[in-house]
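Visitor: I've got a protein model with a ligand on my screen, and I'm a bit lost. Could you walk me through it?

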Amino acid sequence: MSKEIKRIAVFTSGGDAPGMNAALRAVVRNASFHDLHVYGVFRGYEGMIDGDLERLERGDVGNIIHRGGTILKTARSERFRTEEGRKAAYESLLAFDIDACIAIGGNGTFTGADLFAEEFNMPFIGIPGTIDNDLFGTDYTIGFDTAINTAIEAVDKIRDTADSHNRLFFVEVMGRHSGYIALNTGIGSGAGSVIIPEVDTPVEALVEALKKSARRKKLFSVIIVAEGNQTGSAQDIARMVKEQFDFYDTKVAIIGHLQRGGSPTAMDRVLASRLGFHAVEGLLEGRENVMAGLVNNKIKFTPLKEAIVKPKKPDKELIRMAEILAL
Ligand code: F6P
């Protein structure tokens, strides 16, 4: 039988994502509603190791739903990868009498949570918070919608100047191993082409497409490049294209961490509120070591192991559509 939950710890970890604060708010408010004591852990696993925990009550999470970043701060912890680090983290949780943890983060966060939960018999619930949208078990991760809105707004602006100067722009977007941001930014901004890790796009194919565009008297173009694609960085691709086809004046723009900041969109706020609320419900129902996700607009709990290991790739049909619409 699972243990009675009275005191929980909540933390954000890995890359920040807009909507993490909204998720935290929902966790604290629903937990308080059920008379649980909530402790916020600062700086993710780093703060857990250092015992950097503070009691959070309803009022402490007021006026944060609209704020980007995370008021709990975040970190990528090397120390938590070591047995010694995880033992120190467990001792901190023991010192605060913590019965269960709620982790808001991405793949790395859940990999750590899954290992820790097994080693120390500490129940964990994960909430998917990453702009990459690369976790199996949820249609959307918190922060993804805001990130693509930011990227599309940036590409709209680049398109104006590309058009004025008849230039070819390579715009690099985030998504370490995943093309979700690039693909959706490409579709939403009407880009000329999208280069993503899931599809091999040789430079020759790109050059052929650009030659076709030039023959159709297309005088400018914007190409979205996902970091981590198989061909190279936006800089590399721009250089290789220029070597083979010199028709366009070529420029590169890297959107970078702009995509990680900013006030969350309505969609991210609602998603984060739903997942935060249900993470607490899940704990109270006795669920352990699962991630709360949204599948077909319904809450679904997926074992952390599956969320980490099972691949989630952009829909092939969406990729085909993006190619046809860009022609
Ligand atoms: O995982 C989210 C993400 O934003 C990736 O898209 C990106 O590759 C990475 O984090 C950047 O991490 P950092 O901010 O630590 O450089």
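Visitor: How far is an oxygen atom of the ligand from an N or O atom in the side chain of Asp132?

Guide: Keep in mind that this is a predicted model. A pair of N or O atoms counts as a polar contact within 3.5 Å, and the pair formed by a ligand oxygen and the Asp132 side chain has a distance of 2.7 Å.

Visitor: How much of the ligand does the protein bury?

Guide: Picture the ligand on its own first: it exposes 400 Å². Now put the protein back, with the ligand sitting in the largest pocket. The share of that area buried by the protein is 76%.

Visitor: How many residues of the shell around the ligand are charged?

Guide: Let's go through the list: Arg76, Ile131, Asp132, Met174, Gly175, Arg176, Glu227, His257 and Arg260. Two of these are nonpolar and two are polar. Asp, Glu, Lys and Arg count as charged, and the number of charged residues in the shell is five.

Visitor: Which domains does the shell around the ligand draw at least three residues from?

Guide: The chain is divided into two stretches of interest here, 7–143 + 264–309 and 147–260. Their C-alpha centres lie 34 Å apart, and 10 residues of one are in contact with 10 residues of the other. The shell draws at least three residues from each of domain 1 and domain 2.

How values were computed: Residues are numbered from 1 along each chain as its sequence is written. This is a predicted model: local features need pLDDT of at least 70, side-chain atom pairs count only at pLDDT 80 or more; totals for chains, interfaces and linings use all residues. Side-chain values use heavy atoms; hydrogens and water are left out. A residue is near a molecule or strand if one of its heavy atoms lies within 4 Å of it. A polar contact is a pair of N or O atoms within 3.5 Å; within protein, one must be able to donate a hydrogen and the other to accept it, and residues adjacent in sequence count only if both atoms are side-chain atoms. Accessible areas come from the Shrake-Rupley method with a 1.4 Å probe; for residues, only the protein chains shown count as cover. On a 1 Å grid over the protein atoms alone, a cavity is a set of points where a 1.4 Å probe fits but cannot get out, and a pocket is an open set with protein on both sides within 12 Å along at least five of seven lines; lining residues have an atom within 4 Å of a point. A molecule sits in a cavity or pocket if more than half of its atoms lie within 2 Å of its grid points. Domain bounds come from an automatic or database domain assignment. Contact means heavy atoms within 4.5 Å.
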